[in-house]
Amino acid sequence: MAPALLLVPAALASFLLAFGTGVEFVRFASLRPLLSRAPEPAGAEAPRGWLAAFQDRGVLAPLAWDLGLLLLFVGQHSLMATEPVKVWLSRHFGVLQRSLYVACTALALQLVMRCWEPVPRGPVLWAAQAEPWATWVPLLCFVLHVVSWLLIFSILLVFDYAELMGLKQVYYHVRGLGEPLALKSPRALRLFSHLRHPVCVELLTVLWVVPTLGTDRLLLALLLTLYLGLAHGLDQQDLCYLRAQLQRKLHLLSRPQEGGPE
């Protein structure tokens, strides 16, 4: 039992790293763009348009750096999710395979956030600067961001947050209960294999609904939108399974009311 208990601190450390990174990502993706103002034009040195901007090394260099950071994160997140890599990690790290994946993803995301280069000289796709838009658009964006993050946290809890973070796998191993995925139905496993990011719509709202969409934010939103879209592969069977599960939960919620006094 002692060697198994040594797995618990490793899983908890991975969870704390991922949780802290998630909090930092809320600041990076929501608070920073919502609280910052649109960049002021720098006179004759500011690019006049998109063509002029992409001929400016002051714009291209940070954009290339940010693109490299995003590709590094996407590559890590996708490569470690492939079946051969998962099998190799399971062979060498055992039940900590999921925790290791979560920790590496958190570290890659930390690298993106801490090394991200803003592009103040780049063109702006849109900016709410004139009144009353300068007041109401940021407020509306703030409300939508709050709702989106609440939905994201709720969906993660519904999809078994402890299992997503690798804690449940270690707990089951220590208690001798086996693999948590082995207790799920084949239809549920099929759904999870197709639905890698269950919070796609909410993340897209966070990425795109901002008062000012500058060049670096546009790069972030475009690349992650493409990645989230390609990662989904739901089909008719998955939708039928989701519909059946929703109806089942609604039926369970309505049962106490049926037995109550009229």
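Let me start with the annotation. The UniProt record, an unreviewed entry, carries "transmembrane region" over residues 58-75 and 133-159. What does the model put there? Take residues 58-75. That span is 100% helix and 0% strand. Its end C-alpha atoms are 26 Å apart. Now residues 133-159. Here the figures are 96% helix and 0% strand. The end C-alpha atoms lie 38 Å apart.

Stay with the second span for a moment. Helix H7 covers residues 133-158. Look at the peptide bond between Glu 131 and Pro 132. It is cis, with omega about 5 degrees.

Pick out Leu 139, which lies in H7. Leu 139 has a relative accessible area of 43%, so it is partly exposed.

Next, charges. As a general point, side chains of opposite charge can pair when their charged atoms come close. How many salt bridges does the structure hold? Two. Let me take them in turn.

One is local. Arg 27 and Glu 24 meet through their side chains, N to O, at 2.9 Å. Both residues belong to helix H2 (residues 7-35). They are three residues apart, so about one helical turn separates them. Arg 27 is partly exposed, at 34% relative accessible area. Glu 24 also counts as partly exposed, at 22%.

The other joins Asp 56 and Arg 121. Their side chains meet at 2.7 Å, N to O. This pair links distant parts of the chain, 65 residues apart. Asp 56 is in the loop between H3 and H4, and Arg 121 is in the loop between helix H6 (97-115) and E1.

Is each partner buried or exposed, or something in between? Asp 56 is at 16% relative accessible area, so it is buried. The cut-off for buried is under 20%. Arg 121, at 38%, is partly exposed.

Which backbone atom does the Asp 56 side chain reach? The nitrogen of Gly 58, at 2.8 Å.

A quick word on cysteines. A search of the whole structure finds zero disulfides. Cys 104 is partly exposed, with a relative accessible area of 26%. Cys 115 is partly exposed too, at 27%.

Start with Pro 211. You will find it in the loop between helix H11 (200-208) and strand E2. At 6% relative accessible area, Pro 211 is buried. Where does its chain partner sit in sequence? Pro 138 is 73 residues away along the chain, yet the C-alpha atoms are separated by 5.4 Å.

Move on to Thr 212. Thr 212 lies in strand E2 (residues 212-213). Its relative accessible area is 15%, so it counts as buried. Leu 125 is 87 residues from Thr 212 along the chain. C-alpha to C-alpha, the two are separated by 7.6 Å.

Last, Val 170. This residue lies in helix H9 (residues 167-175). Is Val 170 buried or exposed? Buried, at 3% relative accessibility. Val 170 pairs up with Leu 5, 165 residues apart in sequence. In space, their C-alpha atoms are 8.9 Å apart.

To recap. The salt bridges number two, and the one between Asp 56 and Arg 121 links distant parts of the chain. The disulfide count is zero. And again, the model is predicted.

Notes: Residues are numbered from 1 along each chain as its sequence is written. This is a predicted model: local features need pLDDT of at least 70, side-chain atom pairs count only at pLDDT 80 or more; totals for chains, interfaces and linings use all residues. Side-chain values use heavy atoms; hydrogens and water are left out. UniProt positions are given in the numbering used here, feature names are shortened, and annotations may be inferred rather than shown by experiment. Helices (H or I, at least four residues) and strands (E, at least two) are DSSP runs, numbered from the N terminus. A polar contact is a pair of N or O atoms within 3.5 Å; within protein, one must be able to donate a hydrogen and the other to accept it, and residues adjacent in sequence count only if both atoms are side-chain atoms. Buried means under 20% relative accessible area, exposed over 50%, partly exposed in between (1.4 Å probe, protein chains only). A disulfide is a pair of cysteine sulfur atoms within 2.5 Å. A salt bridge is a side-chain nitrogen of Lys or Arg within 4 Å of a carboxyl oxygen of Asp or Glu.
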